Amino acid sequence: MTYRKAQRGLGLVTVIFMITVGALLSAGMASMMMLGQKQTVQSFQSARALQAAESGVQLELSKLIHPQVSGGCAATDDEDWTYNFTAAGIRGCSATTNCKVTPIDGVDYTTITSTGRCGGNAASLETASRRIRVRTVRP
């Protein structure tokens, strides 16, 4: 009888300990899942921002090659142009482009810088920005 009396309450302490350990493990797993989701969103937005920046460069190159198209690099040097995209895949993204003409050995080179931005506001983790710089001979 004294043996059973000495062990009274040991089961309750063990159960409370197991519940506490389980809760800590669950909280850790939930935190890791949230971090994984944030990284996935950031990666997705980064890819979209890169596509927006590349689209901005392509628009400016098109305006350089086809002089009948107005605006962009063909119109002025060293001025920012902003394009807001509505196409599927980069909807809600924008590209800000800038062109600068540099003469080197009698040849005019145009440097196009395009910054693609996608996502919410600038302070959000769901925002991404990518910059591309391309140099070409001015036609």
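Thr102 counts as partly exposed, at 26% relative accessibility (buried means under 20% relative accessible area, exposed over 50%, and partly exposed in between, with a 1.4 Å probe and protein chains only). The residue lies in strand β2, which spans residues 94–104; helices (H or I, at least four residues) and strands (E, at least two) are DSSP runs numbered from the N terminus. Leaving aside neighbours within four places in sequence, Thr102 is in contact with Val107, Asp108 and Tyr109, where contact means heavy atoms within 4.5 Å. Thr102 and Val137 are separated by 35 residues in sequence and by 9.6 Å in space, C-alpha to C-alpha.

The structure is a predicted model, in which local features need pLDDT of at least 70 and side-chain atom pairs count only at pLDDT 80 or more, whereas totals for chains, interfaces and linings use all residues. Residues are numbered from 1 along each chain as its sequence is written, and side-chain values use heavy atoms, with hydrogens and water left out.

The protein contains two helices and four strands, arranged along the sequence in the pattern α-α-β-β-β-β. Of its 139 residues, 25% are buried. Among contacts with a separation of 6 or more, 47% join residues 24 or more positions apart. The accessible surface of the protein comes to about 9800 Å², and carbon and sulfur atoms account for 61% of this area (Shrake-Rupley method with a 1.4 Å probe; for residues, only the protein chains shown count as cover).

Helix α2 covers residues 10–65 and includes Gln45. Gln45 has a relative accessible area of 8% and is therefore buried. Residues up to four places away in sequence not being counted, Gln45 touches Cys118, Gly119, Glu126 and Ala128. Leu25 is also found in helix α2, but Leu25 is exposed because its relative accessibility is 58%. Together with Phe17, Met18 and Val21, Leu25 makes a nonpolar surface patch of about 420 Å². Patches consist of residues with over 30% relative accessible area and no salt bridge, like charges being joined within 9 Å and nonpolar side chains (Val, Leu, Ile, Met, Phe, Trp, Tyr) within 5 Å; a salt bridge is a side-chain nitrogen of Lys or Arg within 4 Å of a carboxyl oxygen of Asp or Glu.

A positive surface patch is formed by Arg117, Arg131, Arg133 and Arg135 (Lys and Arg count as positive, Asp and Glu as negative, and His and the chain ends are not counted; the place of a charge is NZ of Lys, CZ of Arg, CG of Asp or CD of Glu). Strand β4, residues 128–137, gives the most to this patch, with three residues. Arg135 is found in strand β4 and, at 52% relative accessibility, counts as exposed.
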